[in-house]
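Please read them beside the sequence and the coordinates.

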Amino acid sequence: MRQVVVRQTLSAGTTVGVATAAVLLPFGPAIVALFTSDPAVHALAASAWPVVALSQPLSTLAFAYDGLLFGTNDFRFCALLMVSGRPSAHALPDLRSRALGC
């Protein structure tokens, strides 16, 4: 029974992530236009939007795992996972900043 719940939860998370990315990618400029008319913001958003949209499947999968782990009260593993993921979460934006010369 547990394996079925895990499989269905991860499958649903992945499906929602792919669907979210599929909506965000083509409608990025329209969504940004709802919040601002500043051309500089539009230009910055256009460069970041694909990264945000394409990260959705991985993000929703992470949220699904998080929910499964919290549901089993495995908070210690969650804490260790969060601490171990921190270096990579900080390294990627740092690498991009260095590549862009910021």
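The points below go from the basis of the model to the overall fold, and then to particular helices and residues.

1. Basis of the model. This is a predicted model, in which local features need pLDDT of at least 70 and side-chain atom pairs count only at pLDDT 80 or more, while totals for chains, interfaces and linings use all residues. Residues are numbered from 1 along each chain as its sequence is written, and side-chain values use heavy atoms, with hydrogens and water left out.

2. Overall fold. The protein chain has four helices and zero strands, in the order α-α-α-α along the sequence; helices (H or I, at least four residues) and strands (E, at least two) are DSSP runs, numbered from the N terminus. The radius of gyration, taken over C-alpha atoms, is 17 Å, well over the 13 Å that the globule rule gives for 102 residues, so the chain is more spread out than a compact globule. That rule is 2.2 Å times the number of residues to the power 0.38. The C-alpha trace spans about 50 × 30 × 20 Å along its principal axes.

3. Burial and contact range. Of the 102 residues in the protein chain, 16% are buried, where buried means under 20% relative accessible area, exposed over 50% and partly exposed in between (1.4 Å probe, protein chains only). Among contacts (heavy atoms within 4.5 Å) between residues at least 6 apart in sequence, 70% join residues at least 24 apart.

4. The largest nonpolar core. Five residues make up this core, namely Leu-24, Val-32, Ala-45, Trp-49 and Ala-53; a nonpolar core is a set of buried Ala, Val, Leu, Ile, Met, Phe, Trp, Tyr and Cys residues joined through side-chain atoms within 4.5 Å. Helix H1 (2-35) and helix H2 (39-54) each supply at least two residues of the core, and the largest share, three residues, comes from H2.

5. Thr-60 is placed in helix H3 (residues 56-71) and counts as buried because its relative accessibility is 14%. A polar atom of the Thr-60 side chain lies 2.7 Å from the backbone oxygen of Gly-13, and, residues up to four places away in sequence not being counted, Thr-60 touches Gly-13, Thr-14, Val-16 and Gly-17. Gln-56, also found in helix H3, is buried, with a relative accessible area of 17%. Leaving aside neighbours within four places in sequence, Gln-56 is in contact with Gly-17, Thr-20, Ala-21 and Leu-24.

6. Packing of H3 against H4. H3 and helix H4 (residues 75-100) pack at an angle of about 145°, with their axes 8 Å apart. The axes are lines fitted to C-alpha atoms, for helices over the stretch in contact, and angles run from 0 to 180 degrees between N-to-C directions. In this contact Asp-66, Leu-69 and Phe-70 of H3 meet Phe-75, Phe-77 and Cys-78 of H4.

7. Two partly exposed residues. Phe-77, in helix H4, counts as partly exposed because its relative accessibility is 40%; Phe-77 and Leu-44 are 33 residues apart in sequence and 37 Å apart in space, C-alpha to C-alpha. Ala-40, in helix H2, likewise counts as partly exposed, at 46% relative accessibility. Ala-40 and Leu-68 are 28 residues apart in sequence, and their C-alpha atoms are 41 Å apart in space.

Definitions and conventions:
Polar contact = N/O pair within 3.5 Å; in protein donor to acceptor, adjacent residues only side chain to side chain.
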